[in-house]
Amino acid sequence: MTNINQSISTLSADRARIPPFAFVLTASIGVIGSNSLALGPIAPEVARSLSTDVPAVMTASAAFGLGTAASAVFLGRLIDRHGPRRMLTAALLLLAAGLGISAAAPALWLLVAAQLFVGIAAGIALPAIYTLASVIAPAGRESETIGLVLTGWTLSMVAGVPLSAAIADFAGWRTVYVVVAAATLIACAAVRLAAVREHSSGKATSPLAALGVRGVVPLLAACAAFMAAFYGVYAYIGDHLHAALGLPVSANGLVAVSYGLGFGGAAFLDRLIDRFDAGRLLPLIFLAVAAVYVSMAAASGSYPAMLAVVFLWGLANHFGLNVLIMRLTALDPARRGAIMGLNSGVTYLALFAGTLGFGAAYAETVFSILPLAAAGLMLAAALAAALARDYMSPAHQP
């Protein structure tokens, strides 16, 4: 494996620059995140336009999630055969096509089908992005590089969601998908033209074979608990603020901004992570996330306190996701694509399971129970990450 344009073997970690291509990867995550988060705010307008209701419209979001999960698991392995940059270019092109179909959809069924197609493309793009982030990272700055790429989720949450709502108000919901499609094509061109030297094995690892890599199973179990906790709690914060605290729906926007600022702001601290052993650090980070959830349960009766805790939530989750990706990509460089495909598949299945399971609990109890349940999941994640400590690759042993 080599990095962009120049070898960094003679440079210290402090002097080695993060390649500019990392910003292209950040933008690529931004457009994917913008699509995945855009439908919620514009769903009422979509429902009115297509003569249906909001729950029916949101089946398109479910189709996107299931398409992403299935594609990541079964097609992510192609990244190892053809190389992550080539697969990312193709995936972004397909993503733009699906967004164009979404914009033109005359009926709900076609919007759902288009979002399923977009999900399939995203299921290839996301593991390809994470694989490329690990490939281009200068030695000793892996965490900073991955952290920079992850801020694409912050862009989509802090900028993408509000812009989508504003565009829908002024130019219609179809324009939202046109704009995201255009941004995707720009990102695709940037990926295609980038001077990235990458390695492809010429072989596609099956999902079952990737599961056989030492350390993958406990880290994927940690990922499942981590993501189910996040999506399970995040899905119902808005309703809690509105129903229990009597706040307007617009209050949800500040929650998204607070989380996004915490998540993005953590990127400035990622350099500290590279100074520690990732295997030992990950369980501690998950324990810190558990503590944040306990604090959230205690703060659930106060809006200002919730905003403060949500900021810390974004901060801690950024570190957790960053180090988790570092650990997974270090297990077997020759099978990074397949492993990251499994990671994305588990993430979106956890979204489905977490939202459903926490929703059933929320219907029978109060919101404060949800972050406590999430804290329990994070304890399980910390235990799984600790068990995976024995499977550090030799190159990453302290």
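Is tryptophan 313 buried or exposed, going by its relative accessibility? Tryptophan 313 counts as buried, at 0% relative accessibility, where buried means under 20% relative accessible area, exposed means over 50% and partly exposed lies in between, with a 1.4 Å probe and protein chains only. Before I say more about that residue, a word on the model.

What we have here is a predicted model, in which local features need pLDDT of at least 70 and side-chain atom pairs count only at pLDDT 80 or more, while totals for chains, interfaces and linings use all residues. Residues are numbered from 1 along each chain as its sequence is written, and side-chain values use heavy atoms, with hydrogens and water left out.

Taken as a whole, the protein has 16 helices and 0 strands, these being DSSP runs numbered from the N terminus, with at least four residues of H or I for a helix and at least two of E for a strand. Of its 398 residues, 55% are buried. If we take contacts, meaning heavy atoms within 4.5 Å, with a separation of 6 or more, then 86% of them join residues 24 or more positions apart.

Let me turn to helix α1, residues 21–49, whose 29 residues reach 39 Å from the first C-alpha to the last, close to the 42 Å expected at 1.5 Å a residue, the expected span being 1.5 Å times one less than the number of residues. This helix has a kink of about 65 degrees at isoleucine 42, shortly before proline 44, where the bend is the angle between axes fitted to the seven residues ending there and the seven starting there.

Now back to the aromatic rings. The structure holds 13 aromatic pairs, counted when rings of Phe, Tyr and Trp (its six-membered ring) have centres within 6.5 Å, with planes under 30 degrees apart called stacked, over 60 edge-to-face and the rest tilted. One of these joins tyrosine 234 and tryptophan 313, a tilted pair at 6.1 Å centre to centre and 45 degrees between the planes. Tyrosine 234 sits in helix α10 (residues 216–243) and tryptophan 313 in helix α14 (residues 303–331), 79 residues apart. Tyrosine 234 is partly exposed, at 24% relative accessible area.

Tryptophan 313 also pairs with tyrosine 259, and because the ring centres are 5.3 Å apart with the planes at 75 degrees, this pair is edge-to-face. Tyrosine 259 lies in helix α11 (residues 251–265), so its pair with tryptophan 313 in α14 ties together parts 54 residues apart in sequence. Tyrosine 259 is buried, at 5%. Finally, ring pairs link Phe230, Tyr231, Tyr234, Tyr259, Phe263, Tyr293 and Trp313 into a cluster.
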